[in-house]
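Have the model open as you read.

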Amino acid sequence: MKKILVTGAAGFIGFHLVCKLLERGDQVLGLDVLNDYYEVALKYARLAETGIDQQALKAGQVQQSSKFSGYQFVQLALEDKERLQALFEEYQFDAVMNLAAQPGVRYSLENPYAYIDSNVVGFLNLLEACRHHQTGHLVFASSSSVYGLNETIPYATQHNVDHPISLYAATKKSNELMAHTYSHLYQLPTTGLRFFTVYGPWGRPDMAIYLFTRAVFEGKTLKVFNHGKMVRDFTYVDDIVEGVVRVLDKPPKGNPDWNAERPDPSSSPAPYRIYNIGNNEPVKLMDFIEAIESAAGRKAPKEFLPIQPGDVQRTYADVGALERDFGYKPTTDVRTGVQHFVDWYRRYYKIEV
């Protein structure tokens, strides 16, 4: 049994990870600021599933779950460094999984300061807390968006990622650099995970599958960007969570074969690693939409639009390093995953078949 801090615990991936860790008997403290980037009711509904009562929440105060003796939750922003340090002092975490971040490529064009506050300042506070309390392993969510202008397919962690095309991507790249610095200076074990287009039940309403499914059920027009000529490595949330748990349990060590004359950006002499977690089977956007329509049993009209600023046309994960070091790669095919999401969507919004 481990004591694990999960930040972003009321979020999509965080909720699923908390459930997985509780199932295996870990002690978990969930942390989330509960902002209104998307409908807060969905975040409260996720919390309710883990026994956290919305009515009893008081910012900064830890609440005990009514369903799981090993789960507690606190509403807190990572920017609150004093309260964060106090939590680390009290709980002495064995490991931390950082999923707290301001997400969204397009939103970063409109509200850049939100990304610096949460994704950079907040992450620095987390690094400092881990450093001063000898946390055994910090794992953090990076993103496939860091590959930016890179057009070498599939994306590999050995590739250069110095040309992000959104501030969101730039903040994720900065997290990788900051983590490596702390691994080098303080021997803090850190692992960054580049997630590839995660989807599944309890997902974020700003993500493509949610937007498309909602439009299909409401009979509205689907907005299809880049005229549908997009390819994504859609990755089912259970596969992501399985990968996260395996990584959490295995802190990295320094790479003894690292060569400063031919540096591998995914490893270091310090205890630091970067991995892709993706399905390794990219899907055309129009095929993804067809899978949603098939699962919903209805079609929707479509409006084809130009590509949005900050978007990339294709993502495709090379997961060879994940297979090599953990014996694992995602396996859920898109049609199965989409069916699970649409079935959940029907239940959550009480849509009759």
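## A negative patch

Glu 79, Asp 80, Glu 82 and Asp 117 cluster on the surface as a patch of negative charge. A patch takes residues with over 30% relative accessible area and no salt bridge, joining like charges within 9 Å. Glu 79 sits in the loop between strand S4 (71-75) and helix H3 (81-91), and its relative accessible area of 37% makes it partly exposed. Here buried means under 20% relative accessible area, exposed over 50%, and partly exposed in between, with a 1.4 Å probe and protein chains only. Helices (H or I, at least four residues) and strands (E, at least two) are DSSP runs.

This is a predicted model, so local features need pLDDT of at least 70, side-chain atom pairs count only at pLDDT 80 or more, and totals for chains, interfaces and linings use all residues. Residues are numbered from 1 along each chain as its sequence is written, and side-chain values use heavy atoms, leaving out hydrogens and water.

## Salt bridges

The count is 16 salt bridges, each a side-chain nitrogen of Lys or Arg within 4 Å of a carboxyl oxygen of Asp or Glu. Arg 24 and Asp 26 pair up at 2.5 Å, N to O. Arg 24 is partly exposed at 38%, while Asp 26 is buried at 5%.

Glu 39 and Arg 214 form another salt bridge, at 3.5 Å. Glu 39 is in the loop between strand S2 (27-32) and helix H2 (40-49), and Arg 214 is in helix H7 (residues 208-218), 175 residues apart.

Methods
Patch = residues over 30% accessible without salt bridge, like charges linked within 9 Å, V, L, I, M, F, W, Y side chains within 5 Å. Areas by Shrake-Rupley, 256 points an atom, 1.4 Å probe, with all protein chains shown as cover. Lys, Arg positive; Asp, Glu negative; His and termini not counted. Charge placed at Lys NZ, Arg CZ, Asp CG, Glu CD.
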